[in-house]
Amino acid sequence: MSSVSDSAWERAPLNWPAVILFSLTTLGMLTVFPWYAWTHDFSTAAWVWFVVFMYGTGMSITGGYHRLWAHRAYQAHWSLKIVYMLLGAMSLQNSILIWASMHRIHHKEVDHRDRDPYSAERGLWFSHMGWMLRNYPSSALDYKNARDLMEDPIVMFQHKHYLGIALFMNIAVPALLGWAYGDVGGFLMLVGLLRLVLSQHFTFFINSLAHYWGRQPYTTENSARDNDVLALFTYGEGYHNYHHIFQWDYRNGIRWWQWDPTKWMIAGAARIGLAYNLKRVPEFVIRRQMVQRQLERAQEQLAKAQPEAQPGRLAALQTLLEQELKHYAEIASEWAKLQQEKLEAAKRQLAEQWENSEARARIRALEDSLHQQHRRLRLLSLQAAQAAA
Ligand SMILES: [Zn+2]
Ligand SMILES: [Zn+2]
């Protein structure tokens, strides 16, 4: 694109703390770690604590930094926030304030070459970790978009003492635990080094691979993808197409079978009173978005079809699509009507009664209609793709 701004980007100064950190940890993984593993036996305790801290630090980023602080998808008790704050610092991904402020820009400016701090437009490497190695213009922050976080004493405490907390959590904690189990070296290698490097790359996948690899069932307006395989590594954040369109939902994998341990952790915390006000997008709105996308896709595929090849078949598919569009419009207007009724009930302070009335059943019926339509459109899309081939 603009070569002038690109040359300014290429001249961006190196971000030395990040360069040194990544060089040291990568070098350590390639030299000291294999040597240690070859010459020593790791204790079972070191492996167990490695798994505990893999999940603890990873989910403090996904459940704490990301869903709680950056998106305010729920609220948390101070004790849970302290755990997130400490284990989040252990992940060495900067302070909550910096991380969340930057992430809010990522959502607002997603894919913008110059404004999205980890823009997928600049390639897989840049979005994975290249963006951290230089002080690029897109990483400049003024916290204007994070005023709410500046009022959170836990966030500000961590921001002020970040380096000390991060060093303590990464070196002292594994060493002390290792001392307690009689395996200081093993704990430093597994809970310190291996855990740090793996959990960093797993969470970096959300900015890189989750913007490249997978399906787009909700929108093609940005590069974010849904990917079940990636969800396994990213503590449930592989459902990134969903996340970019409904960012304030505390869930990323919305179906029960979708692997989202961060969602289960938050729901579990809510059960014992450590999390509350969990936000969810209404099922109807989710299904409506999926059907809308399918209608677009079917239209795109039919537009590509060759009319001279099978004129009769194409005309039939077009008629089907028109019927589906009409049906969709009816469902959408019925939903709008229900929302209006809900609003009026709220005005008359009858919202609770309204929720319990047959309105609920009507919403269920609309959700079912969308579900059926989703199935029919999948078939239609398939046939349209064949006609286009
Ligand atoms: Zn993203
Ligand atoms: Zn996000």
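This is a predicted model: local features need pLDDT of at least 70, side-chain atom pairs count only at pLDDT 80 or more; totals for chains, interfaces and linings use all residues.

Biologist: How many residues of domain 1 and domain 2 are in contact?

Modeller: On the domain 1 side there are 5 residues, and they meet 4 residues of domain 2. Those of domain 1 divide into 4 nonpolar, 1 polar and no charged residues.

Biologist: Why does D111 count as partly exposed?

Modeller: D111 has 18 C-beta neighbours inside 10 Å. Being called buried takes 20 or more, and being called exposed takes 12 or fewer, so D111 with its 18 is partly exposed. This residue sits in the loop between α6 and α7, and its phi is positive, about 75°, although D111 is not a glycine.

Biologist: And Y235, what makes that residue count as buried or exposed?

Modeller: The count for Y235 is 28 C-beta neighbours inside 10 Å. The cut-off for buried is 20 or more, therefore Y235 is buried. Y235 also has a positive phi, near 55°, without being a glycine, and it belongs to the loop between α12 (228-233) and α13 (240-245).

Biologist: Which residues have the most contacts inside the largest nonpolar core?

Modeller: They are Y65, W69, Y74, I96, A100 and L149, in a core of 34 residues. At least two core residues come from each of α4 (44-70), α5 (78-90), α6 (96-108), α10 (162-181) and α14 (261-271). The largest share, 7 residues, is supplied by α5.

Biologist: What is I96 in contact with, leaving aside neighbours within four places in sequence?

Modeller: I96 contacts Y65, W69, M85, G88, L149, V155, Q158 and H159.

Biologist: Which residues of helix α7 are buried?

Modeller: In α7 (residues 124-133), they are F126, S127, H128, W131 and M132. Their cover includes α2 (16-30) and α11 (184-204).

Biologist: Which residues does UniProt list for "transmembrane region"?

Modeller: An unreviewed UniProt entry lists 16-38, 45-66, 78-100 and 162-181 under that name. In the model, residues 45-66 are 100% helix and 0% strand, with end C-alpha atoms 30 Å apart. For residues 78-100 the figures are 78% helix, 0% strand and 18 Å.

Key: Residues are numbered from 1 along each chain as its sequence is written. Chains are lettered from A and ligands numbered from 1 in the order in which they are written. Two residues are in contact if their C-beta atoms, placed from the backbone, lie within 7 Å. Ala, Val, Leu, Ile, Met, Phe, Trp, Tyr, Cys and Pro count as nonpolar, Asp, Glu, Lys and Arg as charged, and the others, Gly among them, as polar. A nonpolar core is a set of buried Ala, Val, Leu, Ile, Met, Phe, Trp, Tyr and Cys residues joined through C-beta atoms within 7 Å. Helices (H or I, at least four residues) and strands (E, at least two) are DSSP runs, numbered from the N terminus. UniProt positions are given in the numbering used here, feature names are shortened, and annotations may be inferred rather than shown by experiment.
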